[in-house]
Amino acid sequence: MESSNISALHQMSDEDVMEQLQNGAVQGFDIIVHRFKDRLHNFLYRYTHNHEDCEDLVQETFLRVYRSRHSYQRIAKLSTWIYTIALNLAKTMYKKKQRMKLFSIHADESDPDDREFVITDTSILQDEELHQKNSVKELEKALFELNDDFREVIVLRDIQQLSYEEIADITGTAMGTVKSRINRGRVQLQELIGDYVKSETI
Amino acid sequence: MKKDTYHTHLNKEQSCFSEYRQKAHNSESMIFNYSSKNIAQKLSKLPTIKAKPNFEKKMAALFALELENEIHTRNSEWLNHKKSIKLPELIDLQKEFL
């Protein structure tokens, strides 16, 4: 592809780039990766709470976007379609993980010599900074403890800042259900974190 | 007269109670809405998790492999339809040269 055409690709909307990719302009793929990689990382990390899983899922999402490129139609925004693929992949991965049995490799309690190591955090933080760091951790932990259905809509709405219509399309649920889940999810989150997170620390 | 006073008093009490119930409901809704908005604000301020710096390079390599697989699959399918085309046999290097 000529360089003038490549620079033209960079100016196009997401949907136009996708159309070019469907027509064989493979450079469109790099543009889509560049535009969506951070959004997808943020979304999938907040959903899975695991960096390795997140990276694997983001890579797989982009490959699926390419493989299924001809099934994309302009009825929905490209971002909506990509988020849908990402969410479905995340759910599939987590269903598989739940079926796997996990064995602990922690210290054997019957053996008095076998102990877990406690690694001391030697970085000294001011009280307020420490509180803020812990508050973020608490919120992240609470987010991961939410029910899957609540977590996905909360992440899409409050972190990814998508509209209710987009969330309804991505999750395949009615808008009323989306709004209800968001409200219930927020209440549950508030209960989980309790008073730990002060409103002025985040 | 007394009955009228009683009824007036009762109505006044009921009206006060309804007003109180409405205020309590409004106040609960406000607390609910405040909590809901509060948690939404906290979530929007969580740090953004971005892709690692070498992610695009990694993705480009994966994509190159994907394209190669695609070409290979397409070629195989094409050859399967063209039975008259026969590819030369692979040379057994050990047999030929050793």
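The model is predicted: local features need pLDDT of at least 70, side-chain atom pairs count only at pLDDT 80 or more, and totals for chains, interfaces and linings use all residues. Residues are numbered from 1 along each chain as its sequence is written, chains are lettered from A and ligands numbered from 1 in the order in which they are written, and side-chain values use heavy atoms, with hydrogens and water left out.

The interface of chain B and chain A brings 27 residues of chain B into contact (heavy atoms within 4.5 Å) with 37 residues of chain A. The size of an interface is often given as the accessible area lost when the parts come together. Here the buried area is about 3100 Å². This is the accessible area (1.4 Å probe) that the two parts lose on being put together, summed over both. Carbon and sulfur atoms give 68% of the buried area.

The rule also finds 5 salt bridges across the interface of chain B and chain A. A salt bridge is a side-chain nitrogen of Lys or Arg within 4 Å of a carboxyl oxygen of Asp or Glu. On the side of chain B that touches chain A, α1 (2-44) and α2 (55-81) of chain B each supply at least two residues. Helices are DSSP runs (H or I, at least four residues), numbered from the N terminus. The largest share, 10 residues, comes from α1(B). By class, this side of chain B has 14 nonpolar, 5 polar and 8 charged residues. Ala, Val, Leu, Ile, Met, Phe, Trp, Tyr, Cys and Pro count as nonpolar, Asp, Glu, Lys and Arg as charged, and the others, Gly among them, as polar.

Two of the salt bridges illustrate the crossing. K58(B) and E55(A) meet through their side chains at 2.8 Å, N to O. This pair runs from helix α2 of chain B to helix α4 (residues 51-67) of chain A. E55(A) is buried, at 9% relative accessibility, whereas K58(B) is partly exposed, at 40%. Buried means under 20% relative accessible area, exposed over 50%, and partly exposed in between (1.4 Å probe, protein chains only). The side chains of K37(A) and E56(B) form another salt bridge, at 3.3 Å, N to O. K37(A) is buried at 12%; E56(B) is partly exposed at 30%.

N42(A) lies in helix α3 (residues 27-48) of chain A. Its relative accessible area is 7%, so N42(A) counts as buried. Residues up to four places away in sequence aside, N42(A) touches I159(A), Q160(A), P47(B), T48(B) and I49(B).

Over all chains, the whole structure holds 17 salt bridges. One of them joins R67(A) to E60(A), with the closest N and O atoms 3.5 Å apart. R67(A) is partly exposed at 41%, and E60(A) is partly exposed at 26%. A network of salt bridges links E60(A), R64(A), R67(A) and E66(B).
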